[in-house]
Amino acid sequence: QKPILLQGHERSITQIKYNREGDLLFTVAKDPIVNVWYSVNGERLGTYNGHTGAVWCVDADWDTRHVLTGSADNSCRLWDCETGKQLALVKTSSAVRTCGFDFGGNIIMFSTDKQMGYQCFVSFFDLRDPSQIENNEPYMKIPCSDSKITSAVWGPLGEFIIAGHESGELNQFSAKVREQVANIKEHTKQINDIQTSRDMTMFITASKDNTAKLFDCTSLEHLKTFRTERPVNSAALSPIFDHVVLGGGQEAMDVTTTSTRIGKFEARFFHLAFEEEFGRVKGHFGPINSVAFHPDGKSYSSGGEDGYVRIHYFDPQYFEFEFEA
């Protein structure tokens, strides 16, 4: 079964994201282009043009009206999904590393890097109040002095965000009051990616310490660990089965010195409960930087250091095997 290959970027992919219905797939890379594709056949719908640096993150709100992107050009931008028009531009002091809409689509959050003498901040804007964006004054801004945020997602009901740090720490920051709700350290190295389950009760982290870990969203209780022998760049939870897909590979700078066979650039599938690996999918010519399950669970996509995005549809046997098991 051949995957659909999406070629729309010149540089390595940084994040891929489905909208809530799963008919669209958004991709961003270390080039200034933001692409949107039909996930069913891989046809490119259009691009959002305006960034001047690498784009680190992308998100779409729940009814796919707006798209949010954060970039190394020190800006976070809001776009009209349908027309591609830029609706808002928030200038920052350093690169925007993570961004996201809350479940209602009214509040956006983004985090900036700790660089050039600037501290790492998480900023919250309410889109219902246009003056916040016009004056570049978020209703709340939380500083992170210790180590910078490398990945962040909204928790259930938009009460808080879950942030993963360079140091391997996990935090919950309240979206209502300026405070850190909880803090744990289960990883020994940088957290590269955080994704929640479909019902927002659990989330999975991917880390440079060669593991992906499953946590409870509210209590931050550590539930499961999935071990590999190389850094994990991204991990996603299947919306219909107890399956996890991990993407990774060795550091991008070491790729040229190894063959693709040894480089281990496959997507790896683990069972959520038993923590056992049961499948691998080859294809990329470099580390996988981002993976995402389609909301209906019948396909998944992966974006790699090679600049390609691959959409894989599962065989019918995949569904039979799970129901028998």
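This is a predicted model: local features need pLDDT of at least 70, side-chain atom pairs count only at pLDDT 80 or more; totals for chains, interfaces and linings use all residues.
Local features need pLDDT of at least 70 and side-chain atom pairs count only at pLDDT 80 or more, while totals for chains, interfaces and linings use all residues. Residues are numbered from 1 along each chain as its sequence is written, and side-chain values use heavy atoms, without hydrogens and water.

**View 1. Fold of the chain.** The chain holds 3 helices and 28 strands (DSSP runs: H or I of at least four residues, E of at least two, numbered from the N terminus). Its radius of gyration is 18 Å, close to the 20 Å of the globule rule for 325 residues, so the chain is as compact as a globular protein of that length (C-alpha atoms; rule: 2.2 Å times the number of residues to the power 0.38). The C-alpha trace spans about 55 × 40 × 40 Å along its principal axes.

**View 2. Burial in the chain.** Of the 325 residues, 56% are buried (under 20% relative accessible area, 1.4 Å probe, protein chains only).

**View 3. The largest cavity.** The structure has 1 cavity of 30 Å³ or more (points on a 1 Å grid over the protein atoms alone where a 1.4 Å probe fits but cannot get out). The largest cavity holds about 40 Å³, a volume filled by probe spheres set on points joined across faces, edges and corners.

**View 4. Lining of the largest cavity.** Lining residues, with an atom within 4 Å of a point, include T228, R230, P231 and R268. Strand β23 (residues 243-248) gives the most, with 3 residues.

How values were computed: On a 1 Å grid over the protein atoms alone, a cavity is a set of points where a 1.4 Å probe fits but cannot get out, and a pocket is an open set with protein on both sides within 12 Å along at least five of seven lines; lining residues have an atom within 4 Å of a point. Buried means under 20% relative accessible area, exposed over 50%, partly exposed in between (1.4 Å probe, protein chains only).
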